[in-house]
Amino acid sequence: MRPATVENPAAKPHTLSVIPASAATEDQLTATTTTTTTSATTFEVTVNGEPHATSAATLDALVGELDFAGVRVATAVNGDFVPAGAREKTPLEPGDKIEIVSARQGG
Amino acid sequence: MNKIDKIPGDATDDALTFYGETVSSRMLLGTALYPSPQVMADAVKASGCQIVTVSLRRETARGKIGARFLELINGLGVHVLPNTAGCRTAKEAVTTARMARELFDTPWIKLEVIANDDTLQPDLFGLVEAAVELGRDGFQVFPYTTEDLGAAERLVSAGCQVLMPWGAPIGTGRGLANPYALKTMRNYFPEIPLVVDAGIGAPSHAAQAMEMGYDAVLLNTAVAKAADPVRMATAFAQAIDAGRAAFCSGLMQSRDMAAPSTPVAGTPFFDLDGSASRRGGKS
């Protein structure tokens, strides 16, 4: 299960190492961690095996971003099932592997 | 009843029950590989089956593919049995099962954990591990397994109330590759519903399984890849009915030496001293 939730600030916050989209100054590039001043931070995750850049803070936001809101899909993050009701409370981190699946034929 | 020494008396007490759900058809049909969704739906209807297997896959087209399939399946009015096809570890299978339970709204799961790409054979270790975890999580597991009795006992201990041993590797159409082992398994678990699942190619294979006392047959490729899937679905349904009726009727004992079916007494030209009249010689 996920160690940190959006509502649990006591948990260790994840650190984003992001090169800002705007042209970086020498100072910014030499810093080991960078915090951006822009409001939307994009990071890389993998969705259904493909790299995907997102600024979604939660799994629910990502599902919405991908136009699956209101669609009958099931989700897993890093190999663990995430029930639909828990997507809002599931934060995303860079490098997360997300699976979004739906009903299909099978033998 | 599933005891092989108690042959059901008539059709009304010959019900098949999985986890408390009673069905009237002993054919389970897969939904994959058909030329079109309509042919699949027609084959399901023609077969009279009441349980179809389904799966789940990565969604790409904003949910439209999944939505269309669900609509089609829901219109058939049958039980769905989601599978964990493609899973190679217990963890993958467990997570897939949980996603399937939410998607299809059923605790039933056809549990597949596959060891090898060439044979698609069950990975018995992963299968048992996944069955234990899913059993604890309230699933009603239909394990796709081999004829291995040790694995079967562990699956039953894990809560499985049905076993589904293979006939032959998935999609090979070879029929019952090891009927001796399947007979042994039937004798070893007289009370549990047993379903032959995988490798069926022809209705005669399905009939053979039913004649052995198996409770049902699950097949997909043999119908979907037939030249006329809808007609083949009917053929399979008839074969499964015939096999079951044969089992219930008590098959004759086979023997090595001939035993005449026509009585000997009263045979014309019959000579007790050894057929001199047949040789045309003088007696």
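Predicted model: local features only at pLDDT ≥ 70, side-chain atom pairs only at ≥ 80, totals over all residues.
Local features were reported at pLDDT of at least 70 and side-chain atom pairs at pLDDT 80 or more, while totals for chains, interfaces and linings use all residues; side-chain values rest on heavy atoms, without hydrogens and water. Residues are numbered from 1 along each chain as its sequence is written, and chains are lettered from A and ligands numbered from 1 in the order in which they are written.

Chain A was examined as a whole. Chain A holds two helices and five strands. Helices (H or I, at least four residues) and strands (E, at least two) are DSSP runs, numbered from the N terminus. The order of elements, read from the N terminus, is α-β-β-α-β-β-β. Of the 107 residues in chain A, 34% are buried. Buried stands for under 20% relative accessible area, exposed for over 50%, and partly exposed for values in between (1.4 Å probe, protein chains only). Among contacts in chain A with a separation of 6 or more, 51% join residues 24 or more positions apart. A contact requires heavy atoms within 4.5 Å.

His52(A) gives a local view of this chain. His52(A) sits in strand 2 (residues 50–54) of chain A. With neighbours within four places in sequence left aside, its contacts are Phe43(A), Glu44(A), Val45(A), Val47(A), Leu62(A), Glu65(A) and Leu66(A). The side chains of His52(A) and Glu65(A) also form a polar contact of 3.0 Å. A polar contact is a pair of N or O atoms within 3.5 Å; within protein, one must be able to donate a hydrogen and the other to accept it, and residues adjacent in sequence count only if both atoms are side-chain atoms. Lys97(A) is 45 residues from His52(A) along the chain, and their C-alpha atoms are separated by 9.9 Å.

Helix packing was examined in chain B. Helix 1 and helix 2 (residues 64–74) of chain B have axes that come within 11 Å and cross at roughly 20°. Axes are lines fitted to C-alpha atoms, for helices over the stretch in contact, and angles run from 0 to 180 degrees between N-to-C directions. Helix 1 and helix 2 of chain B are therefore roughly parallel to each other. Angles under 35 degrees count as roughly parallel, over 145 as roughly antiparallel, 65 to 115 as roughly perpendicular and the rest as oblique. Their crossing is right-handed. A crossing is right-handed if the near helix is turned clockwise from the far one by less than a right angle, and left-handed if anticlockwise. Pro37(B), Met40(B) and Ala41(B) of helix 1 meet Phe69(B), Leu72(B) and Ile73(B) of helix 2. This contact has six nonpolar, no polar and no charged residues. Ala, Val, Leu, Ile, Met, Phe, Trp, Tyr, Cys and Pro count as nonpolar, Asp, Glu, Lys and Arg as charged, and the others, Gly among them, as polar.

Helix 1 of chain B also packs on helix 9 of chain B. Here the axes come within 8 Å and cross at roughly 25°. The two helices are therefore roughly parallel to each other. The crossing is right-handed. Residues of helix 1 in this contact include Val39(B) and Asp42(B), and those of helix 9 include Pro229(B) and Val230(B). By class, the contact has seven nonpolar, two polar and one charged residues.

Helix 4 (residues 124–136) and helix 5 (residues 149–157) of chain B pack at about 10°, with axes 9 Å apart. That makes helix 4 roughly parallel to helix 5. Leu124(B), Leu127(B), Val128(B) and Ala131(B) of helix 4 contact Ala151(B), Arg154(B) and Leu155(B) of helix 5. These residues divide into six nonpolar, no polar and one charged.

Two residues of helix 3 in chain B were then considered. Ala93(B) lies in this helix and is buried, with a relative accessible area of 0%. Its contacts beyond four places in sequence include Thr84(B), Leu111(B) and Ala130(B). The C-alpha atoms of Ala93(B) and Leu111(B) are separated by 7.2 Å. Thr95(B) belongs to helix 3 (residues 90–104) as well. Thr95(B) is buried, at 8%, and touches Ala76(A), Gly79(A), Asp80(A) and Phe81(A) of chain A.

Two loop residues of chain B complete the account. Leu33(B) lies between strand 3 (27–30) and helix 1 (37–47). Its phi is near 75°, a positive value in a residue other than glycine. Leu33(B) is partly exposed, at 48%. Phe269(B) lies in the loop between helix 9 (229–249) and helix 10 (276–279). Phi of Phe269(B) is positive too, near 65°. Phe269(B) is exposed, with a relative accessible area of 70%.
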